[in-house]
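Please examine the model shown below with attention to its helix packing and side-chain contacts.

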Amino acid sequence: MNQKFNYKKYIEPIIHILVWGSLFTLIISVTLTIGPFRKADGSVYYPIIFGGIVNAFLFYFNAFYLIPHYISKDKYKTYFFLFFLLYVSLSMINSVIDHFYFISIFSTEKEPFWSEAVVNFESKFIILSFSLGYGFIKFMIKEEKNRQQLIEGKLNAELKILKAQIDPHFLFN
């Protein structure tokens, strides 16, 4: 019943919440307008929230699913194909929803579709860059821990063998 509280288990999720919250707050505070969306009439919040959810999905899907499942098994071509497919498809989905749904509801101005697409492709590229860095660092840390455990296990096995060889010698002396 008297278990220690494990702070390390909660530090990483708290950091993620703080980073995403700070990013969202920064975008909201700096952005006065995104294409036809304006902060003054409140229309900018919906595309930013939707884009933030898509960006978070993109980040975590790449870092926690694609990298561990394909890079660890040396399936680089499959990884880069899925990576590119994820990048293009989510950027296009976000652009289509921004252009055909949010603009039709919240704005009277019409912007070209490709202006929305360029903004979404750029933001997804930045998110994927951070995701690659984070995912590969986590992957390398995990691989290093596994390597250290293998070395430790090998050393323990060698120590047991040496102890087994020494014990009979001392018994007979």
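Predicted model: local features only at pLDDT ≥ 70, side-chain atom pairs only at ≥ 80, totals over all residues.

Tutor: Residues are numbered from 1 along each chain as its sequence is written, and side-chain values use heavy atoms, with hydrogens and water left out.

Student: At what angle do the axes of helix 1 and helix 2 cross?

Tutor: Two packed helices are described by the angle between their axes and the distance between the axes. Helices are DSSP runs of H or I with at least four residues, numbered from the N terminus; axes are lines fitted to C-alpha atoms over the stretch in contact, with angles from 0 to 180 degrees between N-to-C directions. The axes of helix 1 (residues 8-30) and helix 2 (residues 45-71) come within 11 Å, and their crossing angle is roughly 145°.

Student: How many residues of the contact of helix 1 with helix 2 are nonpolar?

Tutor: With contact meaning heavy atoms within 4.5 Å, helix 1 contributes H16, W20, F24, I27 and I28, and helix 2 contributes Y45, I48, I49, G52, N55, A56, F59 and Y60. Ala, Val, Leu, Ile, Met, Phe, Trp, Tyr, Cys and Pro count as nonpolar, Asp, Glu, Lys and Arg as charged, and the others, Gly among them, as polar. The contact has no charged residues and 3 polar ones, and the number of nonpolar residues is 10.

Student: Is the pair of F59 and Y60 edge-to-face or stacked?

Tutor: Rings of Phe, Tyr and Trp (its six-membered ring) pair if their centres lie within 6.5 Å; planes under 30 degrees apart count as stacked, over 60 as edge-to-face and the rest as tilted. The structure holds 17 aromatic pairs. Because the rings of F59 and Y60 have centres 5.0 Å apart and planes at 85°, this pair is edge-to-face.

Student: How many residues apart in sequence are the parts that the pair of Y87 and F121 ties together?

Tutor: Y87 and F121 form an edge-to-face pair, 5.5 Å centre to centre with 80° between the planes. Y87 lies in helix 3 and F121 in helix 4 (residues 113-172), so the separation in sequence of the parts tied together is 34 residues.

Student: Is N62 buried or exposed?

Tutor: N62 is found in helix 2, and its side chain makes a polar contact of 2.9 Å with the side chain of S131. A polar contact is a pair of N or O atoms within 3.5 Å; within protein, one must be able to donate a hydrogen and the other to accept it, and residues adjacent in sequence count only if both atoms are side-chain atoms. Buried means under 20% relative accessible area, exposed over 50%, and partly exposed in between (1.4 Å probe, protein chains only). Because its relative accessibility is 0%, N62 counts as buried.

Student: Which side chain is joined to that of S95 by a polar contact?

Tutor: S95 is found in helix 3 (residues 76-106), and its relative accessibility of 0% makes it buried. Leaving aside neighbours within four places in sequence, S95 is in contact with residues including F113, E116 and A117. The polar contact spans 3.0 Å, and the partner of S95 is N120.

Student: Is S104 buried or partly exposed?

Tutor: S104 lies in helix 3. Leaving aside neighbours within four places in sequence, S104 is in contact with H99 and K110. Because its relative accessibility is 46%, S104 counts as partly exposed.

Technical notes: Helix = DSSP H or I, 4+ residues; strand = E, 2+ residues; numbered from the N terminus.
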